[in-house]
Amino acid sequence: MSAEATNPAVSPAPAPPPAHRRKGRPRIDLRRLGRAALLGPTTRDRLPDAISHVAEAHRAHHPDADLEPLRRAYVLAESSHRGQMRKSGEPYITHPLAVTLILAELGAETTTLTASLLHDTVEDTDVTLDQVREEFGAEVCFIVDGVTKLEKVDYGAAAEPETFRKMLVATGNDVRVMSIKLADRLHNMRTLGVMRPEKQERIAKVTRDVLIPLAERLGVQALKTELEDLVFAILHPEEYAHTRGLIADNAAQEGDPLAEIADEVRGVLREAGIQAEVLIRPRHFVSLHRVSRKRGRLRGTDFGRILVLVGEDADCYAVLGELHTCLTPVVSEFKDFIAVPKFNLYQSLHTAVARGDGQVAEVLIRTHQMHKAAEAGVVALGNPYAAPTEEQPDGRRAEGERVDPTRPGWLSRLLDWQEAAPDADMFWSTLREDLAQDREITVFRPDGGTLGLPEGASCVDAAYAQYGEDAHACIGARVNGRLATLSTVLKDGDTVQLLMGQDPASEPSREWLEHAHTPAARIAIQRWLATHPSPATDERDERDGDRKGETSARRPALDEPAATSDTVGAVVVVDRPEATVRLARCCTPVPPDEVTGFAVRGGVVTVHRVECAAVTRMKGLGRPEIDVRWGDTTEFRVTLVAESFQRPHLLADLTEAIALEGVDIVTATVEPPTQQRVRHTYTLQLPDAAHLPALMRAMRNVPGVYDVGRAQHQKVAAY
């Protein structure tokens, strides 16, 4: 409960003032504020003195805001909490006032601030929700009710999953509930110093594990960074003290290379005629600690970053061009989060420039609006109930995305997860896994669209991110143009084409769970498996797996002679009398492939294509090569593998295509379908080597066939 927080004489982690705080507005003295809360006038003619600073911060973002709801909310909150004290002895009203000030400085609209002033009244006083509804309307009542439910939730390891799930549903219907909760936790963390160390540690761990990741995903960087520093001071006091010492030592140094580079940037932009505001953003404690661990000894430019603020999106790229032209850019540090925004609303250009002495300064380039969104995230989105503007009468952005602060990307997906999760325990465990992901990658679709995925995501995750539950029919993928399995881990910038089967009754594989990292994928697969139990199938799969394992164990070595039937028609000449020549199965060489040979048991010489992986392995073992060459030959045999989607009459169509090319089928094997994919293996007798490319093209042209290649063993290291 928020009433447990206290005001220490010294805050445990005095973080630097947030960059969004306007110049000239001093930090509020909460003791003076407590006296004003009790002594300030509360007449209807003017605002109470106690909330004048809130009104000032609010009007800075919303000049035309109606302050009457704030006055009435304060009067009700102050009278309701009168006589209640915080553990430090401060009047309790100082807490909702401080929370409201935090939100006002972030740019929250009037309804949020009104609810913030009242957020503890229903839980801690005799005020009822009906009274709040009657006095302030259904919207404020809904937000206050949501915050009250949040206060009753234990976020720790022993949290009741169903309670947490219900809480998030309430939060998800109006994101302003979570905004107030985050500001509430920030003020409580600021005033945690007089509590017992073990209680400080417990609250700090909960903040670290749940609320900081939530702040990150909702884009409220101003709250997230200060919360990180406060947690850092409590859980890692020695590292915090060391980092604080580094900052003090750097401040005492003569000269500031970061300021010098900032002056250079101002000069470059001034000469280019670009109007821009160039600022220096000091790193917060946790950020500097991470840089210190990564780079070792810190340089002057590591203690902050240069922030360039401009008016329009196009100006961002103009600034980038000038900096990269006039200064020395570090190309590897460039990232474009304007063209591809992060999932938490963040947009900015990131780059870095180097000085002659080797110092590198990071530069952030964004518009003023982007900066506001980067600092305040969903808090800056405004009122979700406001009427559409004349410029956007349908409430949509220019690119067609609906402006809906109640459903920002990640939170919208969260609501979908909780609806799809078979039970609360699964939802809770999946959510905690997702919150633990602190890095995101962007992958591209062939149509130019993008998918934001956590680092370590696989093609399975991409499939469910793009198609939802229709991804059950996915049978494979192409990554950067190459055929890949669904278990393939994706990298930032990859292009992913997902191959979908044609059968509407397609089903996911249980094995996909091993490669699914996103909640959307895991919940969809688990939900399907929970509603389609098939013990008989599972037992059969296990038996099939055992048989496959036995077959793999009995597979011949790569340098073992191929079967005689694979060599008919292909004549190989080797300068070794009485030697038996066999073609290797691993690469199935045919004329006019470039080949080489190796002697094996019984005087047999196996012939490989020179690019075969087995050749590299045997050379590494010191095995001598034997010169071999193709003799006069007309007919020869080759083994081809066709990969295809499952569909009726596919085998008939493939064999017809082969026959029309004048090629005889010696043997044919069709493996059982796996995830709607079918693998066909053909040993074929061709009239001449030149006919092979045309045959492979004809097979690829059969509908449903997506790849045809020469047979090869894939796992060389296993032999």
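User: In which sense do strand S9 and strand S10 pair, and over how many bridges?

Analyst: Strands of a sheet pair through backbone hydrogen bonds, either parallel or antiparallel. In this predicted model, S9 (residues 474–479) and S10 (residues 482–484) pair in the antiparallel sense over 3 bridges. Ala477 has Ala484 as its bridge partner in S10. The two strands form a hairpin with 2 residues between them, and Asn480 in the turn has a positive phi of about 55°.

User: In which sense does S9 pair with S11?

Analyst: The pairing of S9 with S11 is antiparallel and runs over 5 bridges. Cys474 has Met500 in S11 as its bridge partner.

User: How is an aromatic pair to be read, and how many does the structure hold?

Analyst: A pair of aromatic rings is described by the distance of the centres and the angle of the planes. The structure holds 4 aromatic pairs. In one of them, the ring centres of Phe232 and Tyr240 are 6.0 Å apart and the planes stand at 80°, so the pair is edge-to-face. Phe232 and Tyr240 are both buried. The rings of Tyr464 and Trp512 have centres 6.3 Å apart and planes at 75°, so this pair is edge-to-face. It links distant parts of the chain, 48 residues apart: Tyr464 lies in helix H20 (residues 459–467), and Trp512 in the loop between strand S11 (496–500) and helix H21 (519–531). Tyr464 and Trp512 are both buried.

User: Which residues form one aromatic cluster with Phe232?

Analyst: Tyr240 and Phe285 form one aromatic cluster with Phe232.

User: What span should helix H14 have, and how far apart are its end C-alpha atoms?

Analyst: At 1.5 Å a residue, the 15 residues of H14 (residues 257–271) should span 21 Å, and the end C-alpha atoms are 21 Å apart, which agrees. At the N-terminal end, Asp256 caps H14 through a side-chain oxygen that lies 3.0 Å from the backbone nitrogen of Leu258. Just after H14, Gly273 takes a positive phi of about 75°.

User: Which elements do the buried residues of H14 pack against?

Analyst: An α-helix has 3.6 residues a turn, so residues three or four places apart point the same way. The buried residues of H14 include Leu258, Ile261, Ala262, Val265 and Leu269. The elements against which the buried residues pack are strands S1 (277–282), S2 (304–310), S5 (349–354) and S6 (360–367), together with helix H16 (313–326).

User: How many residues has the largest nonpolar core?

Analyst: In soluble globular proteins, nonpolar side chains tend to be buried together. Here the largest nonpolar core has 63 residues, and those with the most contacts inside it are Leu103, Leu106, Leu118, Val132 and Met189. A second, separate core of 29 residues includes Ala457, Ala463, Ala471 and Ala477.

Notes: Residues are numbered from 1 along each chain as its sequence is written. This is a predicted model: local features need pLDDT of at least 70, side-chain atom pairs count only at pLDDT 80 or more; totals for chains, interfaces and linings use all residues. Side-chain values use heavy atoms; hydrogens and water are left out. Helices (H or I, at least four residues) and strands (E, at least two) are DSSP runs, numbered from the N terminus. The expected span of a helix is 1.5 Å times one less than its number of residues. Buried means under 20% relative accessible area, exposed over 50%, partly exposed in between (1.4 Å probe, protein chains only). Contact means heavy atoms within 4.5 Å. A polar contact is a pair of N or O atoms within 3.5 Å; within protein, one must be able to donate a hydrogen and the other to accept it, and residues adjacent in sequence count only if both atoms are side-chain atoms. A nonpolar core is a set of buried Ala, Val, Leu, Ile, Met, Phe, Trp, Tyr and Cys residues joined through side-chain atoms within 4.5 Å. Rings of Phe, Tyr and Trp (its six-membered ring) pair if their centres lie within 6.5 Å; planes under 30 degrees apart count as stacked, over 60 as edge-to-face and the rest as tilted. Two strands pair if DSSP finds at least two bridges between them.
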